[in-house]
Amino acid sequence: MARPRDPGRATADLPPPDARTPPAALASAALGVVGAAPTGFLAVVAVALGGVTADAGVDPWAILLLVVPVVQVCAAIWLLARRGWLPTVLALLPVAVLAGVVVWTAVRTEEAANPALPLLLLLAPLLAAVLAATPRVRRWVRGRPGR
């Protein structure tokens, strides 16, 4: 004799009714990539001009400068692949550390015009993190088929 199917299980295996990518997820991924562009450009210029080593050894800020855009782009791809929304939110941390180092360095020099300008590096990644953390995007990621 056949067992009756569990009605709750049949619906749990199906993707959500609207499996399309929400606009907030697309905007978050786009802002993540756009936010990686300035630091990526700075990383390319830093490597082209002198590399990541100084006279005293490897500069930690230069390594951070190389890591930040890679983390942001990988987090945006991870979000669009419906693997997770949290990496996009956590990608804000290395950008915040880098912006903090730049502001701290600018405040210590006398020639700094406006030390708040490097905080603009945080704008696109912050918006990407906020959009990735919306309930609609989290529900979309959670409803990934085969999860």
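User: Buried or exposed: which word describes arginine 82 in this protein?

Analyst: Arginine 82 is buried, because its relative accessible area is 10%, and buried means under 20%, exposed over 50%, and partly exposed in between (1.4 Å probe, protein chains only). The areas come from the Shrake-Rupley method with a 1.4 Å probe, and for residues only the protein chains shown count as cover. The model is predicted, with local features needing pLDDT of at least 70 and side-chain atom pairs pLDDT 80 or more, while totals for chains, interfaces and linings use all residues. Residues are numbered from 1 along each chain as its sequence is written, and side-chain values use heavy atoms, leaving out hydrogens and water.

User: Where does arginine 82 lie, and what is its phi?

Analyst: Arginine 82 lies in the loop between H3 and helix H4 (86-90). Its phi is near 60°, a positive value in a residue other than glycine.

User: How many helices and strands does the protein have?

Analyst: Helices (H or I, at least four residues) and strands (E, at least two) are DSSP runs, numbered from the N terminus. This protein has 7 helices and 2 strands, and along the sequence they follow the pattern α-α-β-β-α-α-α-α-α. Of its 147 residues, 29% are buried.

User: Where is alanine 30, and how far is it from alanine 124?

Analyst: Alanine 30 belongs to helix H2 (residues 23-49). It counts as partly exposed because its relative accessibility is 42%. Alanine 30 and alanine 124 are 94 residues apart in sequence and 9.1 Å apart in space, C-alpha to C-alpha.

User: How many cavities of 30 Å³ or more does the structure hold?

Analyst: Rolling a probe the size of a water molecule over the atoms shows where empty space is left. On a 1 Å grid over the protein atoms alone, a cavity is a set of points where a 1.4 Å probe fits but cannot get out, and a pocket is an open set with protein on both sides within 12 Å along at least five of seven lines; lining residues have an atom within 4 Å of a point. Points are joined across faces, edges and corners, and a volume is the space filled by probe spheres set on them. Here the search finds 1 cavity of 30 Å³ or more, and the largest cavity holds about 60 Å³ of space.

User: Which residues line the largest cavity?

Analyst: Its lining consists of Gly32, Gln72, Ala75, Ala76, Thr88, Ala91, Leu92, Pro125 and Ala128. Ala, Val, Leu, Ile, Met, Phe, Trp, Tyr, Cys and Pro count as nonpolar, Asp, Glu, Lys and Arg as charged, and the others, Gly among them, as polar. The cavity lining has 6 nonpolar residues, 3 polar and no charged.

User: What lines the largest pocket?

Analyst: The largest pocket, with about 150 Å³ of space, is lined by Leu42, Trp61, Leu65, Leu98, Val101, Val102 and Thr105. Helix H5 (92-108) and H3 each supply at least two lining residues, with H5 giving the most, 4 residues. This lining divides into 6 nonpolar residues, 1 polar and no charged.

User: Which residues form the nonpolar patch on the surface?

Analyst: Patches are made of residues with over 30% relative accessible area and no salt bridge, like charges being joined within 9 Å and nonpolar side chains (Val, Leu, Ile, Met, Phe, Trp, Tyr) within 5 Å. A salt bridge is a side-chain nitrogen of Lys or Arg within 4 Å of a carboxyl oxygen of Asp or Glu. In this protein, Val47, Ile63, Leu66, Val67 and Val71 form the nonpolar patch, with about 330 Å² of accessible area together. H3 gives the most to the patch, with 4 residues. Isoleucine 63, found in helix H3, is partly exposed because its relative accessible area is 37%.
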